[in-house]
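Good morning, and thank you for making time for this item. I shall speak to the structure that will now be shown.

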Amino acid sequence: MTFINYASREINCKIVYYGPGLCGKTTNIQWIHEQANPEKRGKLVSLATETDRTLFFDFLPLDMGTVKGFKVRFHLYTVPGQVFYDASRKLILRGCDGVIYVADSQRARMEANIESIANLATNLKENGFDIRTIPYVLQLNKRDMPSAATVDEMERLLRFRNEPMIEAVANKGTGVIETLKAAARQILLELQKS
Amino acid sequence: MAKLDLVMFEEEYKLLQEIIGRLQKDAQAKVVFLVDKNGQQIAASGDLKSIDATSLASLTAGNVAATDGLAKLIGEKEFSLLFHEGEKDNLHISIVGKRGILVVLFDQNSSLALVRLRVKKASKELQDIFDQVENRAQTETGVGARFESPFSEITDEDIDKLFGD
């Protein structure tokens, strides 16, 4: 649910990183946080366990500049990927404008990827969204892993609506910004339609 | 989009800001925030320099969402009030209407009773404005009916510019 403030000329959009446990959602936004101009980024808030697993969410506000005289601000959230945190995942999707699905390229995680997309579809539906129409990007992360499945194979298993599909190695920053950009593009074009 | 976007015009924003400002003074609070349930800050008043308002808004919304989840688990519709007591500062969080959260930060210069009393009055006024915003969104077909949306002509170039290309 985009918040457009005509008084302060601001648009705030919420983007959620979704995916199975340890696929690299937090790594994506940590990399963005490290790279972003300190004046434009807010504080990275991580609600994590002692072992650095996301407990509730990570949050990073980013000032992107202006479009048509409006200041555009993205609020990036990640969900906890572990299966048993489903109630939290559902809450975080509330009012989101777009979803970035981070898939783990390792062959052994393919089943977890598929399960997590199904879980995303259910949780979006419960929040009143449709996975087939909401702005959506598929990121194939960990492309540098020796056990990575081929892109063709992953596309066949995980891509379902001709969404932008981006190869990434999030801990090195490869594909991270491209992914965010692809999501931003869809969200802003959606604003145009409404 | 699945749900109506929250679109706020200057006159409504001014009214909200006025109520928040008055509440902050009357309740002798350090800071008062109005946040929406998705974690976006709508209005604020008080000594804002000392606080990371964006994080506060997002964490408050997370907190309310989690508490909402708890309420539903035990068969309650929601918990409309949360109070966090600290050594020096306290947080009073209350739900306004369907989508607003009112956050009052106060110390020993005020009291929970005073804050509760003032919040109750301000909530009613805030609720009326939220209703207005909602009604307008429902009766008019989006922003376009009021005036041309600034986003109707977004180009790829505009989007590239955001990323510094």
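Chain B and chain A bury about 4,200 Å² between them, with 63% of that area on carbon and sulfur atoms. Buried area here is the accessible area, taken with a 1.4 Å probe, that two parts lose on being put together, summed over both. The size of an interface is often given in this way, as the accessible area lost when the parts come together. In terms of contact (heavy atoms within 4.5 Å), 41 residues of chain B meet 44 residues of chain A. The rule finds four salt bridges across this interface, a salt bridge being a side-chain nitrogen of Lys or Arg within 4 Å of a carboxyl oxygen of Asp or Glu. A salt bridge links A:Lys181 to B:Asp160, and their closest N and O atoms are 3.5 Å apart.

A word on conventions. This is a predicted model, in which local features need pLDDT of at least 70 and side-chain atom pairs count only at pLDDT 80 or more, whereas totals for chains, interfaces and linings use all residues. Residues are numbered from 1 along each chain as its sequence is written, chains are lettered from A and ligands numbered from 1 in the order in which they are written, and side-chain values use heavy atoms, with hydrogens and water left out.

Let me turn to chain B. Its secondary structure comes to four helices and six strands; helices (H or I, at least four residues) and strands (E, at least two) are DSSP runs, numbered from the N terminus. From the N terminus on, the order of elements is β-α-β-β-α-β-β-β-α-α. Along the principal axes, the C-alpha atoms of chain B fill a box of roughly 50 × 40 × 30 Å. Of the 165 residues in chain B, 45% are buried, where buried means under 20% relative accessible area, exposed over 50%, and partly exposed in between (1.4 Å probe, protein chains only). Among contacts in chain B between residues at least 6 apart in sequence, 52% join residues at least 24 apart.

How does the span of helix H3 of chain B, residues 112-139, agree with its 28 residues? At 1.5 Å a residue this helix should span 40 Å, and its end C-alpha atoms are 39 Å apart, which agrees; the expected span is 1.5 Å times one less than the number of residues. The buried residues of H3(B) include B:Val115, B:Leu126, B:Phe130 and B:Arg136. Among the elements that cover the buried residues of H3(B) are helix H1 (10-26), strand E3 (41-46) and strand E6 (100-106) of chain B.

B:Lys88 sits in the loop between strand E4 (81-85) and E5 of chain B. This lysine, B:Lys88, is exposed, with a relative accessible area of 63%. Leaving aside residues up to four places away in sequence, B:Lys88 touches B:Phe106, B:Asp107 and B:Gln108.

Two strands pair if DSSP finds at least two bridges between them. Strand E2 (residues 10-18) of chain A pairs with E6(A) in the parallel sense over four bridges, and A:Val16 stands opposite A:Val99. E6(A) also runs parallel to strand E7 (residues 136-141) of chain A, joined by six bridges, with A:Val99 opposite A:Tyr136. From E6(A) the chain crosses through helix H3 (residues 110-126) of chain A to E7(A), and this β-α-β crossover is right-handed: with the strands pointing away from the viewer, the path from the first strand over the helix to the second runs clockwise.

Finally, the loops of chain A. Most residues other than glycine have a negative phi. A:Asp52, which is not a glycine, has a positive phi of about 65°; A:Asp52 lies in the loop between E3 and E4 of chain A and counts as exposed at 66% relative accessibility. A:Arg53 belongs to the loop between strand E3 (45-48) and strand E4 (54-67) of chain A and is partly exposed, at 23%.
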